[in-house]
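Here is a protein model to read with some care, one term at a time. Each question below asks what lies behind a word, and each reply sets a value against the rule for that word.

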Amino acid sequence: MSARAVSASDHRVVIGLEVHVQLETETKVFCGCSTDFEDSEPNSHTCPTCLGLPGALPTLNEAAVEGALKLAAAIDADVPDESYFHRKNYYYPDLPKNFQITQYDSPICQDGELTVTIEDDERTIAIERAHLEEDPGSLQHAGGGGGIDSAEYTRVDYNRAGVPLMEIVTEPDFRSPDEVRAFLAKLEEVLDYLGIFDSSRDGSLRIDANISLVPEAEVDADGRIGPDALAAANRTEVKNISSHKGAEQALAYEVTRQKNALQRDRTIEQETRHWDESRGVTVSMRSKEEEKDYRYFSEADLPVLRVSDWAEAIEIPELPDARRERFAEEYGLSSSEARKLTSTREVADFYEQVADRFDPDVAASWVADSLLGELNYRDMAIADVESRLDEFLHLIELAETDEITEKNAEEIVLRAMLDEGRSPDAVVEREGLGTTDEDEIKSAVATAIDENPDAVEDYHTGEDGALNFLVGQVMQSTGGSADPGTVNELLRAELDG
């Protein structure tokens, strides 16, 4: 059945991903140049090997291979007895030797999977392969409007050339853009826990998405789509996607564009399109390449890779799903608390150190609600306060032992710690936040009752807000240092007596 024979609404969205992940290593994948070039001058982290100069030979980075094997273990992928490197030939200004060293028909990871929760429904996404390769350099478009279409000229920076990448290729198992976003979030979470990926690095995650619209008649009862139907649907590749949100937006736009084309009885061209994030549109770049266009052949300068024995012995840390289950069981946390407290490996580690000192519920409230909330507001991460764990523990202790009120601990002391870098004791002393003793609170309660007869009368006639008003008056007169629970009890005792 042709794409034109049915309406756009009678088509199923089919999406597959190619996710390029920068592996966290100290040096590049085939040379000894540092990967720490974020604040460096352009072209200052280069050598004959990553510049592709004649006679320079590649040497494989062991740490990059170890990262690939950790990923294989995490996604339950097969590691073959032998895998090989190939040359992928194409010309581009940021690829000085005119070929990219990659893996073609014998990748280091094969036939893996990743389970994703989408609106409380678990989906298993098949991962066809994950292979090692080198990154090209980077282009900087300058002049004009600064974009790729309007730039007056383009600079090339080879600092990125040779950075180790894992290209993770999924099967076409996605049926909507929001499924793609959920998968990318889960994948990044797993990579973070493995310690092989740093999402804060510029360009550390890049996504190419392949999208087709397949007639519903070609979809079987189990939702499977045959290879012939996929081959018949003209596949569009969308490139230049750098975030989860960007992937969802780019694919949502492309779904709409292709459906509109079918609605107008137009053919969907098989092509590569560029995602222009600033305009929120995809733009045609070129006709879609085929494998034969890259003229793959074996990389003679690198030996066969035999690491299957190493793969069997590789150790990986506790992964996010397993840690969530343990947090729920060991600490009695709700599923939402467990998910929040395992959002990153750093958050989970921080929480466990707090839970070693305090009740797990108290620790969860402070870390998940108070601390993460304040950090998010400031666009900070848990890594920014890891070195101040002892100060954070002391703050909780001050609140738990009633040295200061919990309200003041959260709203005054914690905020000053984050904004000014002060210690809890320094803030408490500066603000005079020591808790008021009971005699002072009783005096403040008596004063509030004497000075607010209307509120007292409202309390006796059953006005709900009267007591809260009186509590507020006492808290104000004590500078917020009185415990609200104690104030409430003393007020009720006086008013009811």
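**Salt bridges, burial and cavities**

In this predicted model, a salt bridge joins the side chains of E24 and R201, with 2.9 Å from N to O. E24 belongs to the loop between β1 (11–22) and α1 (62–74), while R201 belongs to the loop between α2 (177–194) and β9 (205–215), so that the pair links distant parts of the chain, 177 residues apart.

Q: Why is the contact of E24 and R201 called a salt bridge?
A: The term asks for a side-chain nitrogen of Lys or Arg within 4 Å of a carboxyl oxygen of Asp or Glu. The N to O value for E24 and R201 is 2.9 Å, so the pair meets the rule.

Q: What makes R201 buried or exposed?
A: Buried means under 20% relative accessible area, and because R201 has 17%, R201 counts as buried. E24, at 32%, is partly exposed, because that value lies between the limits of 20% and 50%.

Q: How do you know that D301 and R87 form a salt bridge, and which parts does the pair tie together?
A: The side chains meet at 3.3 Å, N to O, and the limit is 4 Å. D301 lies in the loop between β13 (297–298) and α5 (308–313), and R87 lies in strand β2 (residues 86–89), so the pair ties together parts that are 214 residues apart in sequence. R87 is buried, because its relative accessible area is 18% and the cut-off is 20%, whereas D301, at 33%, is partly exposed.

Q: What makes the lining of the largest cavity nonpolar or charged?
A: The lining consists of L371, V385, R388, F392, L414, M417 and L418. Leu, Val, Phe and Met count as nonpolar and Arg as charged, so the lining divides into six nonpolar residues, no polar ones and one charged residue. The volume of this cavity is about 60 Å³.

Notes. Residues are numbered from 1 along each chain as its sequence is written. This is a predicted model: local features need pLDDT of at least 70, side-chain atom pairs count only at pLDDT 80 or more; totals for chains, interfaces and linings use all residues. Side-chain values use heavy atoms; hydrogens and water are left out. On a 1 Å grid over the protein atoms alone, a cavity is a set of points where a 1.4 Å probe fits but cannot get out, and a pocket is an open set with protein on both sides within 12 Å along at least five of seven lines; lining residues have an atom within 4 Å of a point. Grid points are joined across faces, edges and corners, and a volume is the space filled by probe spheres set on the points. Helices (H or I, at least four residues) and strands (E, at least two) are DSSP runs, numbered from the N terminus. Buried means under 20% relative accessible area, exposed over 50%, partly exposed in between (1.4 Å probe, protein chains only).
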